[in-house]
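Let's look at how the parts of this structure touch each other. Take a look at it first, then we'll go through some questions.

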Amino acid sequence: MSPAATTNDPLLERAPVILRDWLTAFLPEPARWLANCLIIIVAILAVFGLLFAFLTLAERKILGRVQNRPGPNRTGWCGLLQPFADGIKMLTKEDIVPRAANPVLHFIAPVVILAASILTFAVIPYGRHLLPVELDAAVLYFFAAGAATELAVFTAGWASHNKYALLAAMRALAQLISYELPLLLSVVPVVLATGTLSTSGIVAAQSGWKWGVVPHWVVFTPWGAAAFAIFMVSALAESNRSPFDLPEAESELIAGHLTEFSGFKYALFFMAEYFAMCASSGLAVTLFLGGWHAPLPALEFIPSYVWFAVKFAALLFGFILVRATMPRLRIDQLTRFAWKFLVPLALVNLGTVAFWSLTFQWAGPLQLLRWAVALGLVAGPYVLLGRGLTTGLGTRTYRFA
Amino acid sequence: MLGSGLLQGLAVTAKNFVGSFHDPARFVTTQYPEERTALPEAYRNFPFLVSESADDPIGTLRCVACQICEKECPPQCIYIEKSKDKKPDANGKMQIYPAVFDIDIAVCMSCQICVEVCPFDAIEMDQVFEIAATDRFTGLILDRGALAKPNRYFHKIHPQQAADVDERLAAERVAIGKKAQAAAKAAVPAPPPAEPGSQPRKAAPPAA
């Protein structure tokens with residue numbers, strides 16, 4: 001939350017900051033700063049904790065609806081108390097630590113994975129005045145903190161002293177490191193075009209409208225759309241969710257690195273997965289969908305954090321719908337998809353954004369040429385690489401079956 | 001092109017997601033304890049014993065404790081003890097009756113063989129499926145009292161089948177009445193010849 005809440009903003013826009021300042025107004029200066037930070041931490045934990053709880057419910061409801069059934073609807077009105085019932089169940093379960101397991105690492109792994117995924121929430125601008133920590137290299141920080149979860153996944157597999165858990169952890173590592181590359185490469189174009197690593201700077205660069213209707217969001221440029229697609233696919237893989245949930249492929253690896261975890265430790269892993277999904281969605285909104293900016297000038301009277309929430313919810317819905325649709329990939333398909341398709345595509349995209357940045361002063365008919373070249377640079381490699389990805393992989397025939 | 005299959009798949013799930021909110025043909029779930037779907041007439045799960053009267057279900061059982069069902073039951077879940085005395089059945093004939101008739105529905109496999117072998121239409125298939133019990137050893141063994149249900153109930157759950165059974169029983173009853181009349185007529189002029197006529201029939205089973 002930036003302290004410089006300018007007074008010419010509407011009241012609703014400044015409401016969270018005013019509330020915080022009112023709560024801490026009586027404190028002397030250093031204590032006040034500390035209290036402000038604590039309030040922000042508590043707010044993030046409370047909001048995302050509750051969001052996690054209701055996201056699990058929403059996911060089950062949406063999956064149910066996709067399969068033409070109502071989903072959980074017994075606990076409370078429309079099943080609204082279901083997450084709390086689940087939480088109580090998880091808390092009261094026995095915490096089993098295998099005798100051969102390393103008890104310290106077995107305990108630390110879920111804590112580290114959750115801590116690392118919470119850290120990433122610090123640099124996402126949730127609204128015009130709602131940026132918890134203003135960092136110059138916020139994007140860098142985000143990926144540095146997010147990468148620590150990979151370490152925790154391997155710690156979990158190693159500490160369990162279980163061959164399935166270890167195999168799954170190695171798989172998870174292979175997957176997470178493979179997809180870290182396209183994830184980062186899809187962010188570079190945005191940094192290149194906006195010239196800043198700070199999330200507030202990236203959001204500020206996306207303000208304004210072309211002809212008063214088309215927002216200057218990154219996703220509305222050819223390279224931005226490509227980068228957004230690559231980012232979302234990689235983020236899906238990074239959060240270990242279907243169709244990239246190989247580390248938890250229950251048909252092959254029991255529950256993967258979660259096999260030996262029960263009760264609340266399991267719940268922490270589950271929470272970390274959802275937090276990672278939320279953080280990725282939050283960053284995607286910030287980088288590609290104009291952050292907290294309204295899509296139309298006429299809609300600016302709605303507070304910025306509401307716009308952020310709307311975009312954020314839309315992305316989460318997309319995550320859940322993808323989970324309801326796609327079957328799980330095989331490990332070779334997974335790595336081939338990353339290294340032979342996403343990484344080259346993201347690299348070509350760097351060239352596209354360089355071209356786009358160098359031709360920003362083109363006008364008139366040249367503007368059309370600029371769009372055509374950029375679109376060709378996006379669509380051409382997509383078609384060619386896609387052809388390479390699927391050649392020789394026709395319908396499988398069974399000779400002896 | 002690469003990705004078109006993914007988009008088609010997403011369209012299918014999205015269509016189902018939206019459709020489940022407004023299309024009752026898609027959204028077929030019944031909220032069970034509050035709502036119930038009507039069971040089809042042919043639905044059956046466990047057997048019950050048919051009795052003639054609702055006022056005295058145990059006293060008017062059609063069962064004559066012949067034990068055919070007990071012998072035929074594949075999982076051996078029926079246990080019958082014959083009575084020592086006899087009492088008149090619906091046709092006025094003196095019959096023994098089951099002093100004990102237990103079915104262990106934890107073992108019963110709902111095959112309906114007991115119903116098919118019963119010569120007296122005394123055992124039929126029930127439709128009660130809410131049979132949860134807190135004690136599986138005593139709660140799932142149904143005795144005579146729990147099994148006896150009036151013919152009216154049979155008509156309610158399987159109307160067609162019950163009508164067929166009633167028709168057959170009525171025809172039997174008419175046949176018995178005619179036979180009795182004929183026997184009475186025959187008995188008046190010449191009582192002695194009637195005896196030998198019936199004796200070979202009684203002696204036939206041991207010979208076979």
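Q: How many residues of chain B are in contact with chain A?
A: Two residues are in contact if their C-beta atoms, placed from the backbone, lie within 7 Å. On chain A, 14 residues meet that test, and on chain B the count is 13.

A quick note on the model: it is predicted, so local features need pLDDT of at least 70 and side-chain atom pairs count only at pLDDT 80 or more, while totals for chains, interfaces and linings use all residues. Residues are numbered from 1 along each chain as its sequence is written, and chains are lettered from A and ligands numbered from 1 in the order in which they are written.

Q: Which element gives the most to the side of chain A that touches chain B?
A: Helices (H or I, at least four residues) and strands (E, at least two) are DSSP runs, numbered from the N terminus. Helix H2 (29-66), helix H11 (304-325) and helix H13 (365-390) of chain A each give two or more residues to that side. The top giver, with four residues, is H13(A).

Q: Where are the bounds of domain 2 of chain A?
A: Domain bounds come from an automatic or database domain assignment. Chain A is split into domain 1 (8-80) and domain 2, which spans 93-328.

Q: Which element gives the most to the side of domain 1 of chain A that touches domain 2 of chain A?
A: Here, 16 residues of domain 1 of chain A are in contact with 14 residues of domain 2 of chain A. Helix H1 (11-24) and H2 of chain A each give two or more residues to the domain 1 side. With 10 residues, the one that gives the most is H2(A).
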